[in-house]
Amino acid sequence: MRLFPKVSIYDRYIFKQVMFATIGAILLFTVVWIAPEMLLNTIKKTLTGEYTAKTAVLVLFYELPKILGKAFPVGLLLGSLFTFDKLSKDSELTIFRAVGLSFQRILAPVLVLSLIVTWLCFVTCDKLIPLSAAKLNAINDKHPSTQYIYTQKDESGAPKLAVIISGYRDDVMHNIIVLDFSTKIYSDVHQLSNIYSAERGKYYPDRWALENITRYKISNDGIFTDIEQLKHMDILQGEDAKNAYTLMTYSTKKEREITNSDLRSYIKLLKKEALDEEYRYMLNKYLQRFFHPFVCVLLAIMGTLLGFSKPREQRLVGFTIAIGSIFVYYITLPFFDLLAEKGVLPPLVTALFPPVAFLIAIICFYKSKDL
């Protein structure tokens, strides 16, 4: 007994037809996405001498993975829809059904192709997009310059130390302010005992080292009692130093610039540090890394269903539904991100909702087609 059906001439025929149509749709999507602003900016920088011709080509090349991550699902939907719409209009689907092929059997080669594209989409989001983002940052010499604040807390959640960094590059920080909290806590405020202002700081795996420091000692009444100059001072020892540097580094990155393994570690750290909003947002984006590729399979099935039509039926209806579905899917993703971040819905629900909506739509289309 065969576990899988034998590959037939039909399977090879449909697989090739849908594959070529999908590739065409992906290329079209990529050209439309890259042409308006991205290409124009690259040309401008090349003409002004900011980019060489080689650098301009590399910039466009490194932008491709980010586009392909969105293009794969769109390509499968339009590719399967175009193929089966053409088969319907040419009455080939009628012949397939007449020789005894069920809808599930007709769908089989499309599912195989969709699983391949799903794997490509997953690898693109996990590996290629973070790698290309790092390459682009290196070309454009982009480094974080925004202010970052890290608060070290005790077991009860009371602040022990707050570190404010005005800017950093790699492991070197500039213009650091350290707020040293007193153990004495009032009902409405946490008293400061010292304020340190450092010109420069450097990250080491076991500590943060500050240089050229001005120390302001504060009394329990909140008054400066002494000002002292220090050459060196270490803060954030051991694991705290490593965690603070990781949080600072990833806080300036978009989630697509982080690989799955690093993003998983970052999420655990956010939970440990009780950074709830960022934790929920990143957990939602992490779960989307797995559900988004699976959408490729769902859209391939949807495209196949929309392509089943009567010979005289208007094809505009199927394509309108397909384009509308893609538009709604991508335009609502930020909305679900916000719901997860603010805790309105759990991240698992916000990440799972779009695929479930597509699955429900597929069931409705299947019943309406009476296949």
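Which residue lies over the face of Tyr204 at 5.7 Å from the ring centre? That residue is Lys202, counted because a charge sits over a ring if NZ of Lys or CZ of Arg is within 6 Å of the ring centre and within 35 degrees of the ring normal. Tyr204 also has the charged end of Arg207 over its ring, 4.3 Å from the centre.

This is a predicted model, where local features need pLDDT of at least 70, side-chain atom pairs count only at pLDDT 80 or more, and totals for chains, interfaces and linings use all residues. Residues are numbered from 1 along each chain as its sequence is written, and side-chain values use heavy atoms, leaving out hydrogens and water.

- Buried here means under 20% relative accessible area, exposed over 50%, and partly exposed in between (1.4 Å probe, protein chains only).

**Aromatic pairs**
- The structure holds 11 aromatic pairs, meaning rings of Phe, Tyr and Trp (its six-membered ring) with centres within 6.5 Å; planes under 30 degrees apart count as stacked, over 60 as edge-to-face and the rest as tilted.
- Tyr10 and Phe96 pair edge-to-face, at 4.9 Å centre to centre with 75° between the planes, and both residues are buried.
- Phe335 and Phe336 have ring centres 5.7 Å apart and planes at 65°, so they are edge-to-face too.
- Phe335 is partly exposed at 47% relative accessible area, whereas Phe336 is buried at 9%.
- Phe122, Tyr286 and Phe290 form one aromatic cluster.
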